[in-house]
Amino acid sequence: YKNTSYAVAELVDNSIEAKAKNIKIALFEENVTNVRTQQLINEIAIFDDGDGMDQDVLGRCLSFGWGTRLKGATGLGKFGFGLKGASISQAKRIEIYSWTNDGSVHMTYLDCDEIAHNESDLLPEPAQTSIPEKYSGILSTDTSRSGTLIVWKTLDRLSPKKSSTLITHLNKDMCRIFRHFLDDNDTYGTRRNISVHVVEPG
């Protein structure tokens with residue numbers, strides 16, 4: 001991926017394919033002190049109110065070479081690599097929360113450091129849980145409906161690292177890639193609401 005903006009766009013594409021009407025991106029900052037103190041992104045969360053994933057799909061979605069869109073002819077991520085490829089291009093830990101119409105939230109994750117330490121290639125089974133308040137409060141998730149929340153943690157390849165710069169990149173790239181979903185003309189794509197939120201430290 002050319003940069004973080006393109007990796008985020010891959011997940012937004014998945015959300016559009018899942019019929020999401022609202023897609024929210026949250027950039028969580030932390031104070032980092034080198035020569036001076038800066039506020040840099042340390043987590044990215046992407047929420048949508050699309051169809052969500054059942055436990056079977058959720059359990060496989062981080063497996064390489066598997067995808068629900070392998071036979072499809074549309075979208076950026078039709079080769080079954082998009083979600084995990086985009087995610088590990090930016091982060092060492094990926095958490096995915098998803099729920100369908102029954103409202104039950106299940107979560108799975110991929111942790112590169114954990115896999116290396118345990119020398120294991122097995123992914124954890126999805127477990128029923130609730131969305132942490134840290135994310136639900138910011139993203140206004142409504143678990144009575146379906147949806148998905150993806151969180152990138154331990155960001156080791158982020159580019160750029162400042163929220164203001166990344167937002168500039170997102171505005172430029174999203175407006176180009178998803179222009180047919182952002183205008184008021186539904187001929188080539190139904191309008192979606194895509195928003196970006198910055199969460200400052202403390």
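Biologist: How many aromatic pairs are there by this rule, and how is such a pair described?

Modeller: A pair of aromatic rings is described by the distance of the centres and the angle of the planes. In this predicted model, the count comes to two aromatic pairs. One of them joins Phe28 and Tyr135 edge-to-face, with 5.6 Å centre to centre and 90 degrees between the planes. Phe28 belongs to strand E1 and Tyr135 to helix H5 (residues 133-139), so this pair links distant parts of the chain, 107 residues apart.

Biologist: Are Phe28 and Tyr135 buried or exposed?

Modeller: Phe28 has a relative accessible area of 4% and is buried. Tyr135, at 3% relative accessibility, counts as buried too. Phe47 and Trp99 also form an aromatic pair, which is stacked, with 6.2 Å centre to centre and 15 degrees between the planes. Because Phe47 lies in strand E2 and Trp99 in strand E3 (residues 91-99), the pair ties together parts that are 52 residues apart in sequence. Phe47 is buried at 4% relative accessibility, and Trp99 is buried at 0%.

Biologist: Strand E2 has now been named. Which strands are joined to E2 by bridges?

Modeller: In a regular strand the side chains alternate between the two faces of the sheet. Here, strand E1 (residues 22-33) runs antiparallel to E2, and 11 bridges join them. Within that pairing, Ile25 stands opposite Ile46. A hairpin of three residues connects E1 to E2. E2 is also joined to strand E6 (residues 147-155), by five bridges, and these two run antiparallel as well.

Biologist: Which residue of E6 stands opposite Asp48?

Modeller: Asp48 stands opposite Thr148 in E6. Asp48 itself is part of strand E2, which covers residues 37-48.

Biologist: How far from Asp48 is the nearest side chain of opposite charge?

Modeller: That side chain belongs to Arg192 and is 9.0 Å away. A salt bridge requires the charged atoms to be within 4 Å, and Asp48, although buried, has none.

Biologist: Which polar atoms, then, lie by the side chain of Asp48?

Modeller: The side chain of Ser15 makes a polar contact with that of Asp48, at 2.7 Å. The backbone nitrogen of Gly50 is 2.8 Å from a polar atom of the Asp48 side chain. Setting aside neighbours within four places in sequence, the contacts of Asp48 include Ala20, Asn22, Ile23, Ser146 and Gly147.

Biologist: Let us turn to Thr108. Where does Thr108 lie, and is it buried or exposed?

Modeller: Thr108 lies in strand E4 (residues 105-111). With a relative accessible area of 3%, Thr108 is buried. A polar atom of the Thr108 side chain lies 3.2 Å from the backbone oxygen of Pro124. Not counting residues up to four places away in sequence, Thr108 touches Pro124 and Pro126, and also Leu58, Leu62, Ile94, Glu95 and Ile96.

Biologist: Finally, what lies 3.1 Å from a polar atom of the side chain of Thr168?

Modeller: The backbone oxygen of Ser164 lies at that distance. Thr168 is in helix H6 (residues 163-177). The C-alpha atoms of Thr168 and Ser5 are separated by 9.3 Å, although these residues are 163 residues apart along the chain.

Definitions and conventions. Residues are numbered from 1 along each chain as its sequence is written. This is a predicted model: local features need pLDDT of at least 70, side-chain atom pairs count only at pLDDT 80 or more; totals for chains, interfaces and linings use all residues. Side-chain values use heavy atoms; hydrogens and water are left out. Helices (H or I, at least four residues) and strands (E, at least two) are DSSP runs, numbered from the N terminus. Buried means under 20% relative accessible area, exposed over 50%, partly exposed in between (1.4 Å probe, protein chains only). Lys and Arg count as positive and Asp and Glu as negative; His and the chain ends are not counted. A polar contact is a pair of N or O atoms within 3.5 Å; within protein, one must be able to donate a hydrogen and the other to accept it, and residues adjacent in sequence count only if both atoms are side-chain atoms. Contact means heavy atoms within 4.5 Å. Two strands pair if DSSP finds at least two bridges between them. Rings of Phe, Tyr and Trp (its six-membered ring) pair if their centres lie within 6.5 Å; planes under 30 degrees apart count as stacked, over 60 as edge-to-face and the rest as tilted.
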